[in-house]
Amino acid sequence: MNAAAQNVRRAVLVDDERLARQRLKTLLASHPSVSVVGEAADLPTARHVIKEQRPDVVFLDIHLSPGDGFDLMPALPAETAVVFVTAHAPYAVRAFETHALDYLLKPVHPDRLATTLQRLGSPVKKPAAQDQRLAPDEAIILKSGLGWRRFFLRDITTISAAGSYSRIGLCSGEPVLLLRSLEEWTRLLPTTGFVRVDRSLIVNLGAVQRFDVKHRDEALLHLQGTKTPVTLGRVAIGELRRALEAPQREN
């Protein structure tokens, strides 16, 4: 295989509209750096094609029938880049929260597509901070070192600082380690239900089962689905106690 062939990115197009797939395929045909190796109009077909082809990039429509493009994310190999292609702009924030490579609005403009393809050979940059928070009942999909993980916000028990990373504790399954700071999570999480109890820990109040205070400098926090309690210090004890008592004061 020559060097030029090695640099060609293999792409799969997933869109339930045949004409939309054809238009995107026509636009991509003018870019020798990309080769379309498969297409799918629904999720089952998309999973099959991606499993067989293991593409470098998937151009993924968000609105599919049944379900949506986010339902496909857990099936993607960790090394596969994702470009969302949709007519619905409000999905941009949620899409970028999956660490997607890019987000294209229909109808796709040739110049905008060219910009996206230039990014294929570059590291994905984090988007600028957005002012839109996640909904309390929202399902999110995040990319960890092991691939894509999908879960609901209510499944999160804690978010703890781990150097430049954050460790996402879940009610079931292993924690997820992500390159995202607690400051970013504070801006993204709903304004109620989650509380930052100290510099290194965010707690989901809905996951708290028991809160045992040993003395003023130590407490054990028992959380849903976890066997080992979280040890809290004096500052965290005070913040968590105020957060747990707040609804009682409002009633």
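**A walk through a predicted protein model**

The secondary structure of this protein comes to seven helices and 15 strands. Helices (H or I, at least four residues) and strands (E, at least two) are DSSP runs, numbered from the N terminus. The model is a predicted one, in which local features need pLDDT of at least 70 and side-chain atom pairs count only at pLDDT 80 or more, while totals for chains, interfaces and linings use all residues. Residues are numbered from 1 along each chain as its sequence is written, and side-chain values use heavy atoms, with hydrogens and water left out.

Of the 251 residues of the protein, 42% count as buried. Buried means under 20% relative accessible area, exposed means over 50%, and partly exposed lies in between (1.4 Å probe, protein chains only). A contact means heavy atoms within 4.5 Å. Among the contacts with a separation of 6 or more, 49% are between residues 24 or more positions apart.

A nonpolar core is a set of buried Ala, Val, Leu, Ile, Met, Phe, Trp, Tyr and Cys residues joined through side-chain atoms within 4.5 Å. The largest such core has 20 residues, and those with the most contacts inside it are Val-14, Val-58, Leu-60, Leu-72, Met-73, Leu-76 and Phe-84. The elements that give two or more residues to this core are β1 (9–14), α3 (43–53), β3 (57–61) and β4 (81–86). The largest share, four residues, comes from α3.

Phe-84 also takes part in a ring pair. A search of the whole structure finds one aromatic pair. Its rings, those of Phe-70 and Phe-84, have their centres 5.2 Å apart and their planes at 35°, so the pair is tilted. Rings of Phe, Tyr and Trp (its six-membered ring) pair if their centres lie within 6.5 Å; planes under 30 degrees apart count as stacked, over 60 as edge-to-face and the rest as tilted. Phe-70 lies in the loop between β3 and β4 and Phe-84 in strand β4, so the pair ties together parts that are 14 residues apart in sequence. Phe-70 counts as buried at 1% relative accessibility, and Phe-84 is buried with a relative accessible area of 0%.

Next come two helices, each with a buried side. In α2 (residues 18–28), the residues Ala-20, Arg-21, Leu-24, Leu-27 and Leu-28 are buried. Seen down the axis of α2, these buried residues fall within an arc of 125°, so they line one face of the helix. The arc is that of the directions from the helix axis to the C-beta atoms. An α-helix has 3.6 residues a turn, so residues three or four places apart point the same way. The face of α2 turned away from the buried side carries the exposed residues Arg-18 and Leu-19. The buried residues of α2 pack against β1, β2 (34–40), β3, β4 and α5 (110–119).

In α5, the buried residues are Leu-113, Thr-116 and Leu-117. Seen down the axis of α5, they fall within an arc of 95°, so they line one face of the helix. On the other side of α5, Asp-111 and Gln-118 are exposed. The buried residues of α5 pack against α2, β2, β3, β4 and β5 (102–105).

A polar atom of its side chain lies 2.7 Å from the backbone oxygen of Asp-15. Leaving aside neighbours within four places in sequence, Arg-21 is in contact with Leu-13, Asp-15, Asp-16, Glu-39, Ala-40 and Ala-41.

Two places in the backbone deserve a look. Most residues other than glycine have a negative phi, and most peptide bonds are trans. Arg-54, in the loop between α3 and β3, has a positive phi of about 45° although it is not a glycine. At 46% relative accessibility, Arg-54 counts as partly exposed. A cis peptide bond, with omega about -10°, joins Lys-106 and Pro-107, and Pro-107 lies in the loop between β5 and α5.

Arg-154 lies over the face of Phe-152, at 4.3 Å from the ring centre. The charged end of Arg-180 sits over the ring of Trp-185, 5.3 Å from its centre. A charge sits over a ring if NZ of Lys or CZ of Arg is within 6 Å of the ring centre and within 35 degrees of the ring normal.

Conventions
Polar contact = N/O pair within 3.5 Å; in protein donor to acceptor, adjacent residues only side chain to side chain.
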